[in-house]
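Hello,

Here is the structure we talked about. Please look it over, then read the notes below.

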Amino acid sequence: MASLYAPPTLRQQHDGKSAETRNLKPGEISSGTTIMAVCFNGGVVLGADSRVSSGTYVVNRVSDKIVQLHERIWCCRSGSAADTQALTDIVKHHLGQISIETGRLPTVAMAAHLMRKLIYGNKDNLMAGVIVGGWDPVEGGSVYNVTLGGSCVRQPFTIGGSGSSYIYGLVDAECREGMDADECNAFVKKAVSHAMARDGSSGGIIRTVVVTEDGNVRSYTEGNKLPYGP
């Protein structure tokens, strides 16, 4: 007996929808980014693209996804722009209060676990995955990955966002211990530019921050001067 239900054809399933949007639930919006952070001898390099997308629309071409939480502690944001902006504002406030009350610089681990507590406690209402990195007198340069579900893991390097799926092999092959600041900065720019070339939700310019005991050095690479492009 023939089935009364005829499953939709492949054309009907995919008609008018891209690979990034065809599996979304009603009301969901596709968003994307590429963020990463890498430790080197003496500090950390954080990098990110600058495209903010909402479905198939580019909302902002030159957004700043790397936020300063304290003097030498920074955060790369991915997920909902509104959620991550609120989270970084809250953590920045708490770190400032802790620094005033104790008279000491907060550690990167402290910032990461504050972020973890906020994300895990509100995981049903937030869409936020962040990378917290920087330098402190206790651990030196360190990087923590705080996932969408609120897990917090310290890693020598980490990548995140939709563009990260395209560069796991590149990062595994080329990331190594013992890099200096210049080598690490060049590596971050190369990896992010490869992700931007493949991921439709990543693009714009590359912003980087080099964090050491001596301070922070911010820079950006224009879209027509990327180390790799399609």
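**Cysteines**

The structure has zero disulfides (a disulfide being a pair of cysteine sulfur atoms within 2.5 Å). Cys 175 is in none; its nearest cysteine sulfur, that of Cys 184, lies 6.9 Å away. Cys 175 is buried at 17% relative accessible area (buried is under 20%, exposed over 50%, partly exposed in between, with a 1.4 Å probe and protein chains only).

This is a predicted model: local features need pLDDT of at least 70, side-chain atom pairs count only at pLDDT 80 or more, and totals for chains, interfaces and linings use all residues. Residues are numbered from 1 along each chain as its sequence is written, and side-chain values use heavy atoms, without hydrogens and water.

**Helix H3**

H3 covers residues 108–121. Helices (H or I, at least four residues) and strands (E, at least two) are DSSP runs, numbered from the N terminus. Val 108, Ala 109, Ala 111, Ala 112, Met 115 and Ile 119 of H3 are buried. Seen down the axis, they fall within an arc of 160° (taken from the directions from the helix axis to the C-beta atoms), so they line one face of H3. On the other side, Lys 117 and Gly 121 are exposed.

**The sheet**

Five strands make an open, antiparallel sheet, ordered E10-E1-E2-E11-E12. Two strands pair if DSSP finds at least two bridges between them. E10 (157–160) and E12 (215–221) are the edges; each has a single partner strand, so one side of each lacks a neighbour in the sheet. Six bridges join E1 (residues 35–40) to E2 (residues 43–48). Val 38 stands opposite Val 45 in E2.

Best wishes

Terms used. The expected span of a helix is 1.5 Å times one less than its number of residues.
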